[in-house]
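Here are my notes for someone opening this one for the first time. Have a look at the picture, then read the points in order.

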Amino acid sequence: MPRLFRCFVATGWLLGAICLASLPANAVPGSSPSTPDLRKIDPELALIKRFENSALWASEWPHAPGFSPIDGVVKFPGSVYFDFLSDRRDVYEDPWTTEFLKKTMPEISRITGLSFLDLAVPQGAEMAIFVRVTSNKALREDMVNFGMDPRAADNASGPAICNHWLALDYDGRLKFTYVFVKSEFPPEFRRHCILKNVMAALGLGVADRTPRTDPAEISRRPFPALTLDDKILLRTLYDPRITIEMTGTTVTDTARRIIPELRNAAFERGQTALYQR
């Protein structure tokens with residue numbers, strides 16, 4: 001794994017750390033990670049604004065000017081390895097986890113058109129999402145084994161409940177995402193962090209710039225389930241009409257055409273209208 005990490009640096013890929021704290025405006029409590037809330041879908045303009053806030057990268061990032069050379073979106077192409085591991089038995093025994101792995105991830109696959117490979121990830125593989133739900137101590141060790149500088153691992157394994165790192169080409173093509181969730185926190189925090197981080201790992205996490213996750217914020221506005229609005233935004237990002245070669249302005253103009261189409265289709269026929277595979 002250290003060799004793989006160094007490969008990102010050597011080939012000029014962008015390695016970023018984004019803390020996940022801000023929550024979607026329409027998130028509501030629920031017992032399932034995949035059951036959408038049944039309230040009215042957000043108006044078109046609200047959905048478009050949410051898409052801009054969560055999916056668009058810019059070369060002048062307010063919290064880190066010059067950090068991102070991307071002016072547009074980032075996303076995975078094709079097939080993606082998905083590797084979920086935890087050091088706690090209760091994580092696997094949680095019915096929420098079972099539904100997330102067996103129902104939510106397949107649905108995300110249908111929405112995005114991506115194929116998730118539930119296989120052992122080959123050494124040096126590209127196109128992978130790693131999810132680790134583990135203790136703070138084990139997390140630091142895993143990060144160092146993964147190739148992260150020990151000092152950076154110390155900072156990352158500090159007070160944040162969860163986080164994710166992206167490796168991507170400078171054209172916006174996602175290559176690799178590492179997600180961690182600290183297992184010592186209560187189940188409702190873990191559920192929030194797993195789902196929120198995986199959405200960010202797919203490209204819907206740009207707006208999450210707060211440096212640490214706030215337990216009080218999660219308690220007030222948990223994110224245990226994808227709403228229909230969330231699915232529309234994810235489907236918009238992975239619509240073939242939006243490409244990583246587009247500038248942010250072009251992406252926004254295209255999204256303004258796509259979102260009303262998807263919103264109307266979902267309102268009339270339900271979430272299956274969003275499926276691409």
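1. With a relative accessible area of 19%, E52 is buried, since the word covers anything under 20% relative accessible area, with exposed kept for over 50% and partly exposed for what falls in between (1.4 Å probe, protein chains only). You'll find E52 in helix α2. Leaving aside residues up to four places away in sequence, E52 touches T252 and R256; contact here means heavy atoms within 4.5 Å.

2. A word on what you're looking at: this is a predicted model, where local features need pLDDT of at least 70 and side-chain atom pairs count only at pLDDT 80 or more, while totals for chains, interfaces and linings use all residues. Residues are numbered from 1 along each chain as its sequence is written, and side-chain values use heavy atoms, with hydrogens and water left out.

3. Now the overall view. The chain has 10 helices and 8 strands; these are DSSP runs numbered from the N terminus, with helices being H or I of at least four residues and strands E of at least two. Of its 277 residues, 55% count as buried. Among contacts with a separation of 6 or more, 79% are between residues 24 or more positions apart. The chain exposes about 11,900 Å², and carbon and sulfur atoms supply 55% of that; the areas come from the Shrake-Rupley method with a 1.4 Å probe, and for residues only the protein chains shown count as cover.

4. On to helix α10, residues 248-269. How far apart are its end C-alpha atoms? They are 30 Å apart, which agrees with the 32 Å that its 22 residues should span at 1.5 Å a residue; the expected span is 1.5 Å times one less than the number of residues. There's also a kink of about 25° in α10, centred on A255, where the bend is the angle between axes fitted to the seven residues ending there and the seven starting there. Just after the helix, G270 takes a positive phi of about 90°.

5. Which residues of α10 are buried? The list includes T252, A255, I258, I259, L262 and A266. An α-helix has 3.6 residues a turn, so residues three or four places apart point the same way. The cover over the buried residues of α10 includes α2 (44-55) and α9 (228-237).

6. That brings us to α9, where 10 of its 10 residues are buried. Among them are D229, D230, K231 and R235, along with L228 and I232. What covers α9 includes α2, α4, α7 and α10.

7. Take α4 (residues 95-112) from that set. Helix α4 and α9 pack at an angle of about 45°, with their axes 8 Å apart; the axes are lines fitted to C-alpha atoms, for helices over the stretch in contact, and angles run from 0 to 180 degrees between N-to-C directions. That makes α4 oblique to α9, because angles under 35 degrees count as roughly parallel, over 145 as roughly antiparallel, 65 to 115 as roughly perpendicular and the rest as oblique. On the α4 side the contact is made by E107, I108, I111 and T112, and on the α9 side by K231, L234 and R235.

8. Helix α7 (residues 187-201) is mostly covered too, with 12 of its 15 residues buried. Buried residues here include F189, R190, H192 and K196. Just after α7, G203 takes a positive phi of about 120°.

9. L204 sits in the loop between α7 and α8 (215-220). Is L204 buried or exposed? At 8% relative accessibility, L204 counts as buried. Not counting residues up to four places away in sequence, L204 touches S54, A55, M199, L233, L234 and L237. L204 and R50 are 154 residues apart in sequence, yet 9.8 Å apart in space, C-alpha to C-alpha.

10. Finally, two residues elsewhere. R132 lies in strand β6 and counts as buried at 12% relative accessibility; its contacts include D83, D142 and Y178. D118, in the loop between β5 (115-117) and β6 (128-134), is exposed, with a relative accessible area of 69%.
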